[in-house]
Amino acid sequence: MTEVSKGHAGEPHVHRGEGCGCLAADLAKAEEILAELSPVDSGDLIPLLQRLQDAYGYLPADVLAEVSERTGIPLSRMYGVITFYTQFSTTPRGRHTIRCCTGTACHVRGAKDVAEALLHEVDVEVGGTTADGRFTFENVACLGTCFLAPVVMVDDEYFGQLTPAKARAIVKNYS
Ligand code: FES
């Protein structure tokens, strides 16, 4: 596929697919965010990364490199923050995140069956993203609502006292 992006010097560039060696990511969204937050320094790193992740769905390596170059924030510092906070991801994520609790309270109330039902329903592996980009699936140690066990979160919403059938019905509501 041919697409137009910007080379390192900022000049228009025609992307010639894999192996082209240019920046393939659409930098327009990053430019817009940098302009809005300008002037940007290291103190703005977390909100900057949040905005970039919201815009791209994850943090593409070439976007981070370009942002580092333009702001002077070292890439090593960016990756330090990205790896510290679980909210950030450098690989593409699904539109929705399923967080399935595997903590003790949930485990004794059937969390394993709920998780298996969900994994089968959306066709994904733990830690993976569905082929259609709909869901990323993660196991978590405790969601802090043990009284609702077994618990699953989809994005920011909690679902408790689940059965495999209820869990399968819930994810059908997300597109
Ligand atoms: S163990 Fe599942 S919410 Fe605490």
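Q: Among contacts in the protein chain between residues at least 6 apart in sequence, what percentage join residues at least 24 apart? And which buried residues does helix 3 have, and what do they pack against?

A: In this predicted model, 54% of the contacts between residues at least 6 apart in sequence join residues at least 24 apart. The protein chain holds 7 helices and 6 strands, which run β-β-α-α-α-α-β-α-α-β-β-β-α from the N terminus on, and buried residues make up 20% of its 175 residues.

Within this chain, helix 3 spans residues 61-71, and its buried residues are V63, L64 and V67. These residues cover an arc of only 100 degrees around the axis, and therefore they lie on the same side of helix 3. An α-helix has 3.6 residues a turn, so residues three or four places apart point the same way. As for their surroundings, the buried residues of helix 3 pack against helix 1 (28-37), helix 2 (45-56) and helix 4 (75-84).

Just after helix 3, G72 takes a positive phi of about 80 degrees. Among the helices that helix 3 packs against, helix 1 and helix 2 are joined by a loop in which P39 lies, and the peptide bond from S38 to P39 is cis, with omega near -5 degrees. Another cis peptide bond runs from A149 to P150, also with omega near -5 degrees, and P150 lies in the loop between strand 4 (135-140) and strand 5 (152-154).

How values were computed: Residues are numbered from 1 along each chain as its sequence is written. This is a predicted model: local features need pLDDT of at least 70, side-chain atom pairs count only at pLDDT 80 or more; totals for chains, interfaces and linings use all residues. Helices (H or I, at least four residues) and strands (E, at least two) are DSSP runs, numbered from the N terminus. A residue is buried if 20 or more other C-beta atoms lie within 10 Å of its own, exposed if 12 or fewer, and partly exposed in between; C-beta atoms are placed from the backbone. Two residues are in contact if their C-beta atoms, placed from the backbone, lie within 7 Å. The arc is that of the directions from the helix axis to the C-beta atoms.
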